[in-house]
Amino acid sequence: MRKKVLEKSVAVISAMTMLFSGAIADSMKTVIAAEADRVQQVSQIADTANQQVSQIADNAKIPGQGNVLYQNNFANGNGLSYYEGLSASTPVYSGNTLTIPGGNSNKVVVDGKTYTDFVVEADVKVSQNSSNSSNQGGIIFRVTNPYGGVSDGYNGYYFGIDAGNKEAILGKVHDNTWTMIARKKMTVDYNKYYHLSVAVSGNEIKGYVNYNGSNYAKIIATDSDFSSGTVGFRHWQAGATFKSLSVSEYSPSTPADTYTNSVLASCADPDVLYYGGVYYMYATNTTGANNGFKVYASTDLVNWVDKGWALVKDDVYGTSGFWAPDLIEKDGIFYMYYVANEHLSVATSTSPLGPFKQTEAQQVPMHETKEIDAHVFKDDDGQYYIYFVRFNNGNHIYGAKLNSDMRTMDESTIKCLISPQASWETNKANVCEGPFMLKKDGVYYLTYSGSHFESEMYGSGYATSNSPLGTYSKYANNPIMQSNTLVHGAGHHGIAMSPDGKEMFIVYHCHSSLTKTEPRRLCIDRMHFIKDDNGNTVLEVEGPTITPQAMPSGYNDEDVVPDSVKLPGQGNILYQKYFANSTGLSYYAGTSASTPIYIKNTFTIPGGNSNKLVVDGKNYTDFVVESDVRVYKNGGKTSNQGGIIFRVTNPYSGVSDGYNGYYFGIDAGNNEAILGKVHENTWTMIARSKMTIDYDKYYHLTVAVSGNEIKGYVNYDGTKEPDIVATDNDFSSGTVGYRHWQAGSSFKNLKVSEYVPDPSYGTSIEITGFQYSTKAEGLRTVYSVTDKNSKVEKVGLIYALKQDCNESDMIIGSSNKNVFAYDATGAGKLSTSYSDADYSTSYAMTMILGNVNTAFLSEPTYVRAFAKLTTGEYIYSNVEEYRVYSVADCLYKGCLMGTLSAHEYLYNKILLRVNPDYKAVDYIWNGELADM
């Protein structure tokens with residue numbers, strides 16, 4: 001579209017004048033002048049974890065539980081058979097309960113029933129028999145061939161509670177041979193009813209106690225020995241009472257996407273760092289523990305990609321025994337606390353991928369005393385604490401404040417916090433190790449592993465305190481996860497949140513098999529805080545599991561973005577990339593490099609600053625480029641951006657921008673969409689639009705580019721107007737790519753399409769010319785608005801002196817106090833359009849100069865037109881630069897003023913004042929317009 005110098009017929013609209021005369025004009029320069037922690041890592045996981053309902057619902061249904069198949073309220077013994085055990089005790093039916101008052105190992109079995117997949121449930125309470133350590137009562141199921149006179153005497157499974165040992169138990173019996181499958185510690189009081197539920201489908205068995213709709217199964221196991229049978233009850237070494245027996249249909253649904261432990265081989269002592277939308281996992285390399293540490297990357301905690309060696313021993317302290325790394329980020333530096341030669345040391349890197357190194361002076365242990373298994377935690381007040389293990393007739397957990405250098409401890413604060421004492425902590429060795437800290441509601445939960453890692457008692461528990469350095473009280477029902485006959489070596493762990501932050505996972509190792517320790521393997525299972533039966537907040541683990549489990553929440557559903565809807569004029573696809581790899585792409589580091597990661601058709605820049613990825617060998621002029629973009633939180637920065645760069649040429653590294661071209665992106669820190677441009681390393685803001693931008697959520701960005709017009713959309717749905725519309729002539733063609741700013745970002749589904757828009761479609765605004773009014777003694781700006789769909793609510797102009805502002809300041813609501821905006825009124829609407837576009841209307845506004853000082857007439861001034869849409873959004877023209885002297889010079893030399901007196905006014909009042917040597921020009925006006 002042309003800009004025009006307007007003829008005299010453009011009237012002076014006095015109602016639209018901006019008065020800058022007298023003293024105000026003299027002060028024009030001052031009146032019109034120039035704008036880590038996703039993530040605290042797991043230190044704050046507890047506060048964002050699911051908050052579970054604490055009250056036990058009466059007989060809450062297990063997901064998949066259907067119609068009742070059988071029910072017995074024990075009014076009598078009809079339909080039941082009694083089989084005595086080692087010590088007979090006659091069953092008693094009274095008050096709708098079945099009681100076996102004493103004896104040992106007696107059974108009551110439902111006659112003539114066979115169930116395959118089902119839920120069996122009943123209320124069970126156990127009497128105390130202090131002469132025996134185990135006082136049990138429970139349900140038997142898939143039972144065949146029951147008989148009496150022995151301790152067991154059936155084929156089938158048993159799930160029960162043991163009030164003597166405070167645990168739930170799952171086992172199986174072949175005739176009279178008992179096999180323990182798994183057990184889980186819990187509170188079991190004597191003479192108190194517990195609602196036991198067993199859900200059985202195929203080879204999977206889930207045993208619940210007081211299921212309330214939210215709490216986990218106490219035990220999840222698989223076993224294929226018995227496929228069907230009847231149900232009943234059994235007790236052991238104490239009397240027990242049973243009531244409300246029922247059997248229901250059971251058809252559990254299988255999640256669309258699942259994982260099954262283990263998820264990665266050759267890993268032990270795992271630690272997970274979530275940074276910039278990517279999980280980084282560091283572990284003891286069980287097949288190369290003397291070399292250093294590898295790093296693995298994932299976006300879902302399940303699918304891991306080997307990213308090579310993050311730390312190699314030649315760069316750091318230590319020669320062998322590289323164990324148990326722990327990572328934390330502070331101010332853009334990543335600290336790895338690791339074990340070598342049974343000592344702790346600290347290496348650093350500017351990237352989570354490494355390389356982690358130490359200077360020669362830093363290649364020393366934290367203490368000369370042997371120490372292992374460090375974990376660093378940042379408290380809410382910003383203080384960092386370190387938890388670690390020392391040897392003293394076993395492994396004991398210590399804690400201390402870290403000094404600000406993150407490499408040394410405040411020696412005066414070192415304190416022993418947990419020592420091995422309980423039986424589950426002292427099997428085969430006295431061991432409490434592998435500490436990890438959570439905080440919830442002001443309470444510190446120090447989790448850890450107990451017993452020798454090859455012990456059948458090896459597992460994980462926790463202790464609590466109101467202070468980060470104790471005193472700590474161990475949870476009464478430790479361990480909350482323990483090895484069993486299906487999973488050996490379930491212990492040393494870290495903790496991480498799901499991709500959407502709604503679920504908490506324990507990330508731990510297990511043994512290679514039931515008979516072989518190495519190479520240990522990586523497993524993950526859900527855990528949460530929940531209220532127990534007494535209303536206390538406790539930690540609960542759903543595991544260890546070996547059955548298919550639903551993928552971590554948000555691994556996919558949070559990635560859903562609106563279906564890509566074509567813009568009017570959008571044509572065939574010219575280029576498409578799903579980021580399975582980096583083929584055809586070039587990476588350019590910014591001011592802080594961050595290695596790109598390609599996982600699951602997603603390209604992620606996990607951190608750093610201002611890095612770019614550019615498609616090689618492409619050149620587009622008019623096109624639509626679109627992609628899905630999400631931004632991760634960097635709490636240390638106010639602006640957290642990710643977006644598309646386009647019409648890009650000359651990309652290069654080592655600077656904050658480093659290309660020629662445009663950028664359209666989202667800023668989750670400031671909740672806005674942004675359009676800007678870059679000349680090599682000079683950034684210019686073109687326009688911004690306020691909107692809600694959530695962290696860790698994908699947005700579909702679409703940019704339509706035709707000629708000098710740019711339209712940017714966020715989640716275009718086929719109806720919405722552009723979020724930003726602008727015109728700019730700086731860059732006419734180039735390739736496309738991505739850029740991020742001050743936060744990690746992920747990108748996927750890049751697509752470039754043809755674009756041949758309807759020239760009259762949509763809404764845009766441009767400045768079409770300038771004129772000087774001698775009558776009003778002011779500079780008139782004419783601008784034109786294209787508004788096919790009647791979306792414009794009001795229009796106006798923005799003014800500022802160039803020397804006192806940036807182009808990015810020229811917006812409505814600018815924080816620069818020297819930028820002024822003025823709304824037009826109906827009187828400013830012109831009868832003639834001065835735009836080449838259809839559906840356009842032109843407006844004129846006059847800035848009355850009066851007796852301004854001479855300097856002001858020659859100083860460059862910015863002007864920009866704006867239009868507010870009915871959606872509340874603003875669109876803008878280019879920022880135009882003019883000088884009153886330059887406009888007057890053009891009008892005078894072209895004899896474009898309508899009268900001789902107006903022609904001479906320019907010469908005497910403006911041109912000579914600025915330039916006393918200005919040469920006069922004879923006035924010959926022919927009524928034509930002249931191009932600027």
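Modeller: Two strands are said to pair if DSSP finds at least two bridges between them. The model before us is a predicted one.

Colleague: In what order do the strands of the open sheet of seven strands stand?

Modeller: Strands of a sheet pair through backbone hydrogen bonds, either parallel or antiparallel. In the open sheet of seven strands, the pairing is antiparallel. Reading across that sheet, the order is β4-β7-β16-β9-β10-β11-β12.

Colleague: Which are the edge strands of that sheet?

Modeller: An edge strand pairs on one side only.

Colleague: What is the average twist from one strand to the next?

Modeller: The sheet in question is the open one that runs from β4 to β12 in its order. From one of its strands to the next, the twist averages 20°.

Colleague: Which residue is the bridge partner of Y296 in β23?

Modeller: Strand β22 (residues 292-298) pairs with β23 (residues 305-312) over five bridges, in the antiparallel sense. The two strands form a hairpin with six residues between them, and in this hairpin L301 takes a positive phi near 75°. The bridge partner of Y296 in β23 is D306.

Colleague: Is A324 buried or exposed?

Modeller: A324 belongs to strand β24 (residues 323-330), and its phi is positive, near 45°. The relative accessible area of A324 is 2%. A residue under 20% counts as buried, so the word for A324 is buried.

Colleague: How does S244 count in terms of relative accessibility?

Modeller: S244 lies in strand β17 (residues 240-250), and has a positive phi near 55° although it is a residue other than glycine. Its relative accessibility is 32%. That value falls between the cut-offs of 20% and 50%, and therefore S244 counts as partly exposed.

Colleague: What is the value of omega for the cis peptide bond from G470 to T471?

Modeller: T471 sits in the loop between β33 (459-465) and β34 (473-474). The peptide bond that leads from G470 to T471 is cis, and its omega is near 20°.

Colleague: Why is the protein described as more spread out than a compact globule?

Modeller: The secondary structure comes to six helices and 64 strands. For 932 residues the globule rule gives 30 Å, and the protein is well over that value, so it is more spread out than a compact globule. Along the principal axes, the C-alpha atoms fill a box of roughly 130 × 65 × 50 Å. The reason lies in the radius of gyration, which is 37 Å.

Colleague: How far apart do the centres of the positive and negative side chains lie?

Modeller: Of the 932 residues, 59% are buried. The protein exposes about 34,100 Å², of which carbon and sulfur atoms supply 44%. There are 75 positive and 96 negative side chains, and the distance between the centres of the two sets is 1 Å.

Methods
Residues numbered from 1 in each chain as written. Predicted model: local features only at pLDDT ≥ 70, side-chain atom pairs only at ≥ 80, totals over all residues. Heavy atoms only, no water. Helix = DSSP H or I, 4+ residues; strand = E, 2+ residues; numbered from the N terminus. Rg over C-alpha atoms; globule rule 2.2 N^0.38 Å. Buried < 20%, exposed > 50% of the residue type's maximum accessible area, 1.4 Å probe, protein only. Areas by Shrake-Rupley, 256 points an atom, 1.4 Å probe, with all protein chains shown as cover. Lys, Arg positive; Asp, Glu negative; His and termini not counted. Charge placed at Lys NZ, Arg CZ, Asp CG, Glu CD. Axes fitted to C-alpha atoms, helices over the stretch in contact; angles between N-to-C directions.
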